[in-house]
Amino acid sequence: MPTQTWSRPRGLDHVVHVVRDLDAAADVYARAGFQVGLRNRHPWGTHNRIIQFPSFFVELLEVAEPEKIVPPAPGRFSFGAFQRDFLTTRQGLSMVLLASHDARADARLFDEAGIGGFEVFDFEREGAGPDGAPVKVAFSLAFARDQRSPHTGFAVCQHRFPQNFWNPSRQVHENGTTGVGGVVMVADNPTDHHIFLSAFTGVRLLHSNSIGVTSQTPHGDLEIMEAVSFRDQFGVAKTIAGESAELCGLRLEVRDLGQLEARLRAGGIAHHRRVGRVVIAPEAAFGATLVFEQVA
């Protein structure tokens, strides 16, 4: 069982939405009114396309070159192998990554808390600056694990050249989405994951109520709820096997739900209203539940 080792609280950085057809998923996001980046290639066999918001992004990902995947080993998390194995049973949100100021320090904290045990993973690739000129983007990832949820990925991400990655011009979306509200997980018993969630986010005081358990991070919520609450809140039925907590929903903030719905209709994207929100169900969003909430 993890112990409580504290650091500064960590906010949301990005989620991985892994799919079998990257361009088809990108087309759905684009028809839903998002600005979707070009294809990037990783040397370990995955390709991605990015949907960026202020200080948060969705990483649309496919395993395009499985022959390049490096197998996992003791103390080494294989990002490519994890995504490949996830896709054997489903598409959807496979990992949540929090923002890190120092991935190596966070890795040590995870080790001390009993939720780590992995080497830090450093990598870089070429990106495009605001003027289209090539720039270097580089990242360091420190992985964590919830022993009760072996098929859900957790990590922190340190941007080593953040000025080359974050680009306000790519954070403007036709559907009026302005940022992230939170990530939603589903578990049979959310309180079973309370200690892990606290150690992972660095947030000491979690909020518990009849819906579930929530870590209110400096940048978005990470919440765990029961399947019945997920259905009641978002109108989507989920079945969870065993005691695992699974990533299921992404809450996004928009200026005007009416503007959003008009864009979704124009793009032919199925959606529904639920408890004052607009929801794109997993059947229309490659396994993910996309939840839109209006903010002032």
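**Close-up views of the predicted model**

**View 1. Overall fold of the protein.** Of its 296 residues, 56% count as buried. The model is predicted. The protein holds seven helices and 16 strands. Its radius of gyration is 18 Å, close to the 19 Å that the globule rule gives for 296 residues, so the protein is as compact as a globular protein of that length. Along the principal axes, the C-alpha atoms fill a box of roughly 50 × 50 × 35 Å. Take the contacts between residues at least 6 apart in sequence: 66% of them join residues at least 24 apart.

**View 2. Strand E4, residues 56-63.** Eight of the eight residues are buried, so E4 is largely enclosed by the rest of the structure. Phe56, Val58, Leu60 and Glu62 point one way from the strand. Phe57, Glu59, Leu61 and Val63 point the other way. Both glutamates, Glu59 and Glu62, are among the buried residues.

**View 3. E4 and its partner E1.** Strand E1 covers residues 12-18 and pairs with E4 in the parallel sense. Five bridges join the two. Val15 has Val58 of E4 as its bridge partner.

**View 4. The hairpin of E3 and E4.** Strand E3, residues 46-53, runs antiparallel to E4, with eight bridges between them. Arg49 stands opposite Leu60 of E4. Two residues lie between the strands of this hairpin, where Ser55 takes a positive phi near 60°.

Definitions and conventions. Residues are numbered from 1 along each chain as its sequence is written. This is a predicted model: local features need pLDDT of at least 70, side-chain atom pairs count only at pLDDT 80 or more; totals for chains, interfaces and linings use all residues. Side-chain values use heavy atoms; hydrogens and water are left out. Helices (H or I, at least four residues) and strands (E, at least two) are DSSP runs, numbered from the N terminus. The radius of gyration is taken over C-alpha atoms; the globule rule is 2.2 Å times the number of residues to the power 0.38. Buried means under 20% relative accessible area, exposed over 50%, partly exposed in between (1.4 Å probe, protein chains only). Contact means heavy atoms within 4.5 Å. Two strands pair if DSSP finds at least two bridges between them.
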